[in-house]
Amino acid sequence: MPNSPTRLRNRLEALAVFLLRGVTGLLPLRWVSVPGAAMGWVLFTVLRLARHTTLSNFATAFGHLPASERVRLAGACYRFFGAVLWEFLNLPRIRRDRLGEFITLADRDVLDRALAEGRGVVLVSGHLGNWELMAGALAAQGYPVSMYVGGQSNALVDGVMNAVRRSLGSETIGRGNVRGLLKALKARRVVALLADQHESTKRWYVRFFGQPVSAVSGPAQMLRRSGAVLVFGACLREGPFRYRTRFRVLPVPPPAADEERDVLTVTQVLFDALEAVVQDHPEQYFWLHRRFRPIPKTARLTESNRAFLAEHGVDVPKSAVTQSDMPRG
């Protein structure tokens with residue numbers, strides 16, 4: 001319907017993004033992080049948006065820390081991502097010859113060697129640091145980057161975000177376009193994607209901070225089908241609108257007959273790499289969503305996945321249904 005509440009809300013959200021982008025565009029690039037961090041402070045301290053969820057995540061992952069320290073880190077997380085949002089909206093303003101003022105592309109030799117193998121590169125990160133700046137900076141420096149973008153429910157906002165991503169030279173590939181991802185790898189490109197999203201419809205569970213978490217199998221499936229090189233990347237803050245990258249090649253076992261075991265092993269390698277960085281920079285990880293969720297009683301958790309978690313020190317509730325237990329017909 002032309003005047004439906006959803007359509008009106010989408011237009012208002014898009015208008016808010018345009019207004020925010022206009023306001024940030026009035027500031028010198030070096031200053032945009034400051035009001036962004038202030039916005040994060042308001043969201044955490046005054047509006048308390050998702051505060052309970054965030055603190056619950058910190059209690060699960062960093063329960064060994066005093067409660068006061070977890071609150072401090074949670075507040076720092078909000079300020080960090082408030083600043084990241086403002087920085088993201090201003091990426092199109094950065095001239096390519098000035099990128100070095102905002103990001104140091106350290107460990108580029110890791111990517112160079114990976115690309116030189118001629119098999120394509122799957123560059124994986126999580127909702128950590130300024131992942132958008134990392135992909136954009138690589139593209140701006142001539143790396144053939146194809147970003148896999150999940151898409152927003154608001155198509156208008158999604159269009160703005162993808163336009164920002166393309167402003168520095170990245171190609172974007174939309175959700176579900178597996179053929180496009182494999183084609184990019186065949187063309188020896190760098191496929192950049194985030195691999196720490198919660199997957200509610202699949203059965204793949206791995207360990208993250210000692211807890212079972214549902215994870216997407218896409219990166220592992222792509223590697224299995226393409227033979228590409230797996231690289232973990234992180235873009236971590238050193239100061240206001242100042243970042244440094246880290247890249248390292250992760251081991252990928254040769255494809256075996258047991259596809260599920262392959263997927264679980266590769267996905268666990270990714271989550272281990274992510275956890276190691278988050279341990280050192282907890283305030284730069286996006287904790288504002290339900291990262292830790294109980295395995296639902298209706299989860300199609302296979303015996304193989306249950307055994308895999310047990311091997312990695314994760315207790316699985318007996319109430320979690322296995323595939324062999326699912327009713328037939």
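Helices α3 and α4 are oblique to each other. This is a predicted model, and the tour starts at that pair.

**Stop 1: α3 against α4**

Select residues 51–61 for α3 and residues 67–89 for α4. The two helices pack at an angle of about 125°, and their axes are 10 Å apart. The crossing of α3 and α4 is right-handed.

Now show side chains. On the α3 side, pick Arg-51, Thr-54, Leu-55, Phe-58 and Ala-59; they meet Arg-70, Val-71, Leu-73, Ala-74 and Tyr-78 of α4. Coloured by class, the residues of this contact divide into 7 nonpolar, 1 polar and 2 charged.

**Stop 2: α2 against α4**

From α2, the contact takes in Ser-33, Pro-35, Gly-36, Ala-37, Met-39, Gly-40, Trp-41, Leu-43 and Phe-44. From α4, select Val-71, Ala-74, Gly-75, Tyr-78, Arg-79, Gly-82, Ala-83, Leu-85, Trp-86 and Glu-87. The contact of α2 with α4 has 12 nonpolar, 5 polar and 2 charged residues. Val-71, Ala-74 and Tyr-78 of α4 are among the residues listed here, and they are also among those that meet α3.

**Stop 3: Val-17 in α1**

Next, go to Val-17, which lies in helix α1, residues 5–24. Which residues does Val-17 touch, leaving aside its neighbours within four places in sequence? The contacts of Val-17 are with Leu-89, Val-157 and Val-160. For a distance check, draw a line from the C-alpha of Val-17 to that of Trp-41: the two are 19 Å apart in space and 24 residues apart in sequence.

**Stop 4: salt bridges**

The count of salt bridges comes to 12.

Select Arg-165 and Glu-132, whose side chains meet in a salt bridge at 2.9 Å, N to O. Arg-165 sits in α7 (residues 155–166) and Glu-132 in α6 (residues 131–140), 33 residues apart. Are these two residues buried or exposed? Arg-165 counts as buried because its relative accessibility is 10%. Glu-132 is buried too, with a relative accessible area of 11%.

Move to α5, residues 108–116, which holds both Asp-109 and Arg-113. The two are 4 residues apart, about one turn of the helix. Their salt bridge has its closest N and O atoms 3.0 Å apart. At 40% relative accessibility, Asp-109 counts as partly exposed, while Arg-113, at 53%, is exposed.

Asp-97 counts as exposed because its relative accessibility is 60%.

**Stop 5: two loop residues with positive phi**

Select Asp-107, in the loop between β1 (103–104) and α5. Phi of Asp-107 is near 60°, a positive value in a residue other than glycine. Asp-107 counts as partly exposed, since its relative accessibility is 32%.

Then select Arg-188, in the loop between α8 (178–186) and β5 (190–194). What is the phi value of Arg-188? It is near 65°, again positive in a residue other than glycine. Arg-188 is exposed, with a relative accessible area of 54%.

**Stop 6: α10 against α11**

The last stop is α10 (residues 259–280) with α11 (residues 303–311). Their axes come within 10 Å and cross at roughly 35°, and α10 passes α11 in a right-handed crossing. Show Glu-260, Arg-261, Leu-264, Thr-265 and Gln-268 of α10 together with Ser-304, Asn-305, Phe-308 and Glu-311 of α11. By class, this contact has 2 nonpolar, 4 polar and 3 charged residues.

Methods
Residues numbered from 1 in each chain as written. Predicted model: local features only at pLDDT ≥ 70, side-chain atom pairs only at ≥ 80, totals over all residues. Heavy atoms only, no water. Axes fitted to C-alpha atoms, helices over the stretch in contact; angles between N-to-C directions. Parallel < 35°, antiparallel > 145°, perpendicular 65-115°, else oblique. Left-handed = near helix turned anticlockwise from the far one by under 90°. Contact = heavy atoms within 4.5 Å. Nonpolar A, V, L, I, M, F, W, Y, C, P; charged D, E, K, R; others polar. Salt bridge = Lys/Arg side-chain N within 4 Å of Asp/Glu carboxyl O. Buried < 20%, exposed > 50% of the residue type's maximum accessible area, 1.4 Å probe, protein only.
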